[in-house]
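Please look over the structure below.

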Amino acid sequence: MICLGIETSCDETSVAFVEDAVKIKANLISSQVEIHSEYGGVVPEIASRKHLENINILIDQALQQSAISWNQVNLISVTKGPGLVGALLVGAAAAKSLAAALNLPLVGVNHLVAHVYANFLEHSELEFPFIALVVSGGHTCLVKMREHFSWETLGTTRDDAAGEAFDKVARILSLGYPGGPIIDKLAAKGDPKKIRFPRSYLESNSLDFSFSGLKTAVMNAQKRGEFKNFSIEDTAASFQEAVVDPLVEKTKRAISNTGIKQVLLAGGVACNTRLREKLKQASQELNFSLYYPSPKFCTDNAAMIACAASFLYQKGVQEELTMDVIPQLEGFLS
Ligand code: KG4
Ligand code: ZN
């Protein structure tokens, strides 16, 4: 079964063809990062316009790269939310048009769910149940997955997402956009113990996250000129450690609360070197298996959309051509 995936929820236009849910035939990504970095963040209007310019070109290129023709395609899928409304609409319009013209079934995918499914692209042997730690630019949550599309949210962020904290702090420190990869790179040469930033663990039994206090602490320290005595590498490493520590601690709590011994890491922040390192350490200490996608499948891509859509379709899920995008799509609904 060959599925076309389309992803346009934020600032990456991506188109993929995936066979039997996990075999990637093409996964093309056109990033707008350079355009948005001029403004220090994503400009929604520009994002939609760029998706519109790129989408048909990418679909043609992906078809060519996969060496398939339309009559071999069985399923059309697209991100239906969460994301920027104008950006989502471009992908949805392309997907609905193709589904109508080719008379193919259409599946709308929750972007967060798809981030978790990126793990299946490289670890098709995975067996339920799992704990998933989803850390992206817009969301941070811990989820228990009992079987395909059967979820229980264990914890979520009460304010900023982890990726948002990286991006905002990079902005406060005038490091550029997106902040995560820049801070990750600088931190590799810094000492994480140099500055003691606050970590928010919330109540002793809570699996929720909170990063806005940390962001405010960095902002106030910057205003007071406190970082002048430290290298930018040490500042980056110390900040990164304060994001990573609660993520690791809450994952450990989720494991001891549930007894589940497998953890999937997902979303853009799953690229983070220190997070991977500390979770690996934790996995040895607590004896659990840790899985994460390669960096190119951690950040936004259409292969993960097609993968999740293929599993959804197997469960009988399908959309009408009247499908709407849901910019505020909450939680782990399909
Ligand atoms: O999942 P994603 O591509 O888009 C959303 O769905 O939000 O995640 C983007 C986020 C950005 O906040 C970016 O700064 C962060 O992932 N990110 C990282 C790293 N690479 C990307 N954060 C920390 N370390 C990284 N290496
Ligand atoms: Zn994403």
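## Basis

This is a predicted model, where local features need pLDDT of at least 70, side-chain atom pairs count only at pLDDT 80 or more, and totals for chains, interfaces and linings use all residues. Residues are numbered from 1 along each chain as its sequence is written, chains are lettered from A and ligands numbered from 1 in the order in which they are written, and side-chain values use heavy atoms, with hydrogens and water left out.

## Zinc site

Three residues coordinate the zinc ion (ligand 2) at 2.0 Å: His111 (NE2), His115 (NE2) and Asp300 (OD). Donors are N, O and S atoms within 2.8 Å of the metal (3.2 Å for Na, K and Ca); water is not among the atoms, so sites may look incomplete. Along the chain, the zinc donors follow the spacing H-x3-H-x184-D.

Histidine 115 and aspartate 300 are both buried (under 20% relative accessible area, 1.4 Å probe, protein chains only).

## Ligand 1

Around ligand 1 there are 20 residues (a heavy atom within 4 Å). His115, Gly137, Asp167, Asp184 and Gly268 come nearest. Helix 6 (179-187) gives the largest share of this shell, four residues. Helices are DSSP runs (H or I, at least four residues), numbered from the N terminus.

A backbone N or O atom of glycine 137 lies 2.8 Å from an oxygen atom of ligand 1. A polar side-chain atom of asparagine 272 is 3.0 Å from a nitrogen atom of ligand 1.

Notes
Buried means under 20% relative accessible area, exposed over 50%, partly exposed in between (1.4 Å probe, protein chains only). A polar contact is a pair of N or O atoms within 3.5 Å; within protein, one must be able to donate a hydrogen and the other to accept it, and residues adjacent in sequence count only if both atoms are side-chain atoms. Helices (H or I, at least four residues) and strands (E, at least two) are DSSP runs, numbered from the N terminus.
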